[in-house]
Amino acid sequence: MNDKTNISLHYNPQSASDRIALFFTKVMRFFADTFFRKRYGHRAVVLETVAGVPGMVAGMWTHLTSLRRMKPGYGPKIRTLLAEAENERMHLMTFIEIAKPNAFERYLVLFVQAIFWNFYFIIYVLFPRTAHRIVGYFEEEAVYSYTEYLKQIDEGGTPNISAPKIAIDYWKLSPDATLRDVVIAVRADETEHRDANHEFANEYDAK
């Protein structure tokens, strides 16, 4: 699989809303770096739990918006957002197999998800443009983290173990695929989510 994804793309903030979104993302990045450091597999378990929230929240709210307004035209966005949520869920299922989270990390997942679901729902209802921009920046950081994870594997800091069956089946990898192949596939997904959410945010400016 080609691992030459566009890892350098960064959306430069254009407004106060963008700067707030970027600042919030950097704060979250600081806490993730402090807590997990180079434990990228365990970082992925917790962060993919968070990453699976925005697509579901936004897809649900967009669906309800279409019902309230009794207007068509929302289908492509709803399907994109729900597909994003499902894709992030599969990232989580994959890294659970790889990292084998302990009891504390599992409880941390529950706590983080409960807090972030409510926080993101409020942001999305009141400030959908900012909400999409936050996810765009989150995904930029995810691409960076998976690039660092890949580097750690290539340098021998993390064993390049065999890919779990769930990953082989989901991404249709070769039977002898390794962790490196999985990280490349996940990183490619994150670049798509990054671009899609920045574009969703930009669409609000065009209205």
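Biologist: Hi! Leaving aside neighbours within four places in sequence, which residues is Val 183 in contact with?

Modeller: Hello! In this predicted model, Val 183 touches Tyr 146, Tyr 149, Leu 150 and Ile 153, once neighbours within four places in sequence are set aside.

Biologist: And which residues touch the most other members of the largest nonpolar core?

Modeller: Val 183 is one of them, along with Phe 95, Tyr 146, Tyr 149, Trp 171 and Val 182. That core has 27 residues.

Biologist: Which elements give two or more residues to this core?

Modeller: Those are helices H2 (40–69), H3 (75–99), H4, H5, H6 (165–171) and H7 (179–206). H7 gives the most, with 6 residues.

Biologist: What does the second, separate core include?

Modeller: Tyr 11, Val 53, Phe 138 and Phe 200 are included in that second core, which has 18 residues.

Biologist: Let's move to H4 and H5. At roughly what angle do their axes cross?

Modeller: The axes of H4 and H5 (residues 128–154) cross at roughly 130 degrees and come within 5 Å. The two helices are therefore oblique to each other.

Biologist: Which residues meet there?

Modeller: From H4 there are Phe 116, Tyr 120, Ile 123, Tyr 124, Val 125 and Leu 126. They meet Pro 128, Ala 131, His 132, Ile 134, Val 135 and Phe 138 of H5. By class, this contact has 11 nonpolar residues, 1 polar and no charged ones.

Biologist: How exposed is Val 125?

Modeller: Val 125 counts as partly exposed, because its relative accessibility is 31%. This residue belongs to H4, which covers residues 103–126.

Biologist: New topic: which residue has a positive phi of about 55 degrees although it is not a glycine?

Modeller: That's Met 70, in the loop between H2 and H3. Most residues other than glycine have a negative phi. Lys 100, also not a glycine, has a positive phi of about 50 degrees, and its place is in the loop between H3 and H4.

Biologist: Is Met 70 buried or exposed? And what about Lys 100?

Modeller: Met 70 is exposed, with a relative accessible area of 74%. Lys 100 is exposed too, at 55%.

Biologist: Last one: what is the mean pLDDT of the protein?

Modeller: The mean is 89, and 93% of the residues reach 70 or more. Among the elements, H6 has the highest mean pLDDT at 97, while H1 (residues 16–36) has the lowest at 83. Over residues 1–5 the pLDDT is below 50, and that stretch has 11 contacts in the model beyond near neighbours in sequence.

Terms used:
Residues are numbered from 1 along each chain as its sequence is written. This is a predicted model: local features need pLDDT of at least 70, side-chain atom pairs count only at pLDDT 80 or more; totals for chains, interfaces and linings use all residues. Side-chain values use heavy atoms; hydrogens and water are left out. Helices (H or I, at least four residues) and strands (E, at least two) are DSSP runs, numbered from the N terminus. Buried means under 20% relative accessible area, exposed over 50%, partly exposed in between (1.4 Å probe, protein chains only). Axes are lines fitted to C-alpha atoms, for helices over the stretch in contact, and angles run from 0 to 180 degrees between N-to-C directions. Angles under 35 degrees count as roughly parallel, over 145 as roughly antiparallel, 65 to 115 as roughly perpendicular and the rest as oblique. Contact means heavy atoms within 4.5 Å. Ala, Val, Leu, Ile, Met, Phe, Trp, Tyr, Cys and Pro count as nonpolar, Asp, Glu, Lys and Arg as charged, and the others, Gly among them, as polar. A nonpolar core is a set of buried Ala, Val, Leu, Ile, Met, Phe, Trp, Tyr and Cys residues joined through side-chain atoms within 4.5 Å. pLDDT is the predictor's confidence in each residue, from 0 to 100.
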